[in-house]
Amino acid sequence: MKLRIRQAIYVILAVAAFALLILVITNSQSPESLMNPPEAAGDYKGIQNVIEKSLDNGIILKAPNEGDYTTSITFMDLNADGENDAVAFYRIKNDDTSSIYMSVLLKSGSKWQASEPVKGKGNDVSEFSYGDLNYDSVPEIVVGWNMFDSKDNNTLSVYSVGEKNAQTVVKTCDSVIYTRMLVADVCAEGRNEILLVKNMFNDETGPASATVYELVDNRLKAMDTAQLVSAVSDYKKIQLQNVGGTNVFFLDGVVETQNMITEVIYWDKAAGALKTPTYAQEPQAVISYREGTVPSTDMNDDGIIEIPFAAEEVAPDFARLTDWKQFEFEKYVSIAGGICSDELVFIYPQKWQNNVAVKQKGKVWSFFETTGYEPVKLFDLVVSDISDWKTLSNQYDKLTIYYGTIYGVKLASSDSDLSLSKSEIEQCIINIR
């Protein structure tokens, strides 16, 4: 009897586990389903139904390509009534054009009221954001429209949302050409502005620049413009951090295809102007010029962004090290050092500083103690794709895996005081993706 009871319990647990697995797999099919659980799925379906009914046609939801909001439907309070409304991007089924549309849906109780579709100023939506730009306690919608997948041909449009005769109304405030955008409190005065970055690929007659815009009488008004390095072909990342009460922007720009610089921008309250202390006419003259395209990041989880600087070359046969530094206006403060490449970010432990050098051969990084007359190998670290790991697993012990990249190690037979254990080596590998 007891055996049957135990068997029944095992069956119930197995069925429950299988049901949970199916639920997880089902939810993982759609990134949007993770946005507002558990009611997001119902809201998404309801929103899609309302839009399709207003169009008398089916739609295909489309998510922005980049930015902070990368779901096809984003929820926020657009009329200060304490209830989340929605902005949806989509294409219309059976539409022979490549047009992209936006609909704004205000929620009242359990009902959604959709606006007339707003046709995008391009064939795709690059990024989406929102913020109160005119002190009325109601956020404006900010959309970057993209034309034919060109990163340099974006149109930023600002929209206001209102209601008239129980209908949701969306009005275009203004539009401007740009490369990258960020809606933020640029001036650190408690309101939102728009920071627009434009490289010279947008306008070959003018230099690359950063401009702060405010919204005045439904028009975008430039507060100030600062010149940027014109050789930047793409801005890989733009980040904001408050440094001593000043909001500072870190712009990681790609130059010469495989190199990078980090430009720093901030609003000088006393001068009422944008400052770019890192500006130089040539990218090689920028203090943060470096090989590879690894962006600045909070690499040690202290809440402060660090910039990777190229350190002095150890020797011709060894890899150039990286010095991670924090920006403090008049100076840069070194925080950590180590290897920094597009495939490996490895932070040296304190006892290694000026005592260990690295050689790279293909996917293998070899670490050597350099305190003696001859370098002494400490270990080999391999960076492998999952597909290649099977042939390498006989030589290396697996340490960890990040986004399909496996890191394996082969320890050398060394009794050096600088040797590390496998767990210590794993802790030095930083995932900044």
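A contact is a pair of heavy atoms within 4.5 Å. By that criterion, residues 24 or more positions apart account for 45% of the contacts in the chain with a separation of 6 or more. The model is predicted: local features need pLDDT of at least 70, side-chain atom pairs count only at pLDDT 80 or more, and totals for chains, interfaces and linings use all residues. Residues are numbered from 1 along each chain as its sequence is written, and side-chain values use heavy atoms, with hydrogens and water left out.

**Figure 1. The chain as a whole.** The secondary structure comprises four helices and 28 strands; helices (H or I, at least four residues) and strands (E, at least two) are DSSP runs numbered from the N terminus. Of the 433 residues in the chain, 48% are buried, where buried means under 20% relative accessible area, exposed over 50%, and partly exposed in between (1.4 Å probe, protein chains only). The chain exposes about 22,200 Å², of which carbon and sulfur atoms supply 49%. Accessible areas come from the Shrake-Rupley method with a 1.4 Å probe; for residues, only the protein chains shown count as cover.

**Figure 2. Strand 17 and its pairing with strand 16.** Strand 17 (residues 259-268) has nine of its ten residues buried, so it is largely enclosed by the rest of the structure. Strand 16 (residues 246-255) runs antiparallel to strand 17 and is joined to it by eight bridges; two strands pair if DSSP finds at least two bridges between them. Within this pairing, V248 stands opposite Y266 of strand 17.

Figure 3. Strand 18 (residues 273-275) pairs with strand 17 in the antiparallel sense over three bridges, and W267 stands opposite L274 in strand 18. Four residues lie between the strands of this hairpin, in which G272 takes a positive phi near 60 degrees. Strand 19 (residues 290-291) is also antiparallel to strand 17, through two bridges; R290 in strand 19 is the bridge partner of M260.

**Figure 4. The salt bridge between R290 and D252.** A salt bridge is a side-chain nitrogen of Lys or Arg within 4 Å of a carboxyl oxygen of Asp or Glu. The side chains of R290 and D252 meet in such a contact at 3.5 Å, N to O. R290 lies in strand 19 and D252 in strand 16, so the pair ties together parts that are 38 residues apart in sequence. R290 is buried at a relative accessible area of 5%, and D252 is buried at 0%.

**Figure 5. Other salt bridges.** The structure holds eleven salt bridges. Among them, the side chains of E343 and K363 meet at 3.3 Å, N to O. This pair links distant parts of the chain, 20 residues apart: E343 is in the loop between strand 22 (332-340) and strand 23 (345-347), and K363 is in the loop between strand 24 (356-361) and strand 25 (364-369). E343 is buried, with a relative accessible area of 18%, whereas K363 is partly exposed at 45%. In the salt bridge of K422 with D397, the closest N and O atoms are 2.5 Å apart. K422 in helix 4 (residues 422-428) and D397 in strand 27 (residues 397-402) are 25 residues apart. K62, R91 and D124 are linked in a network of salt bridges.
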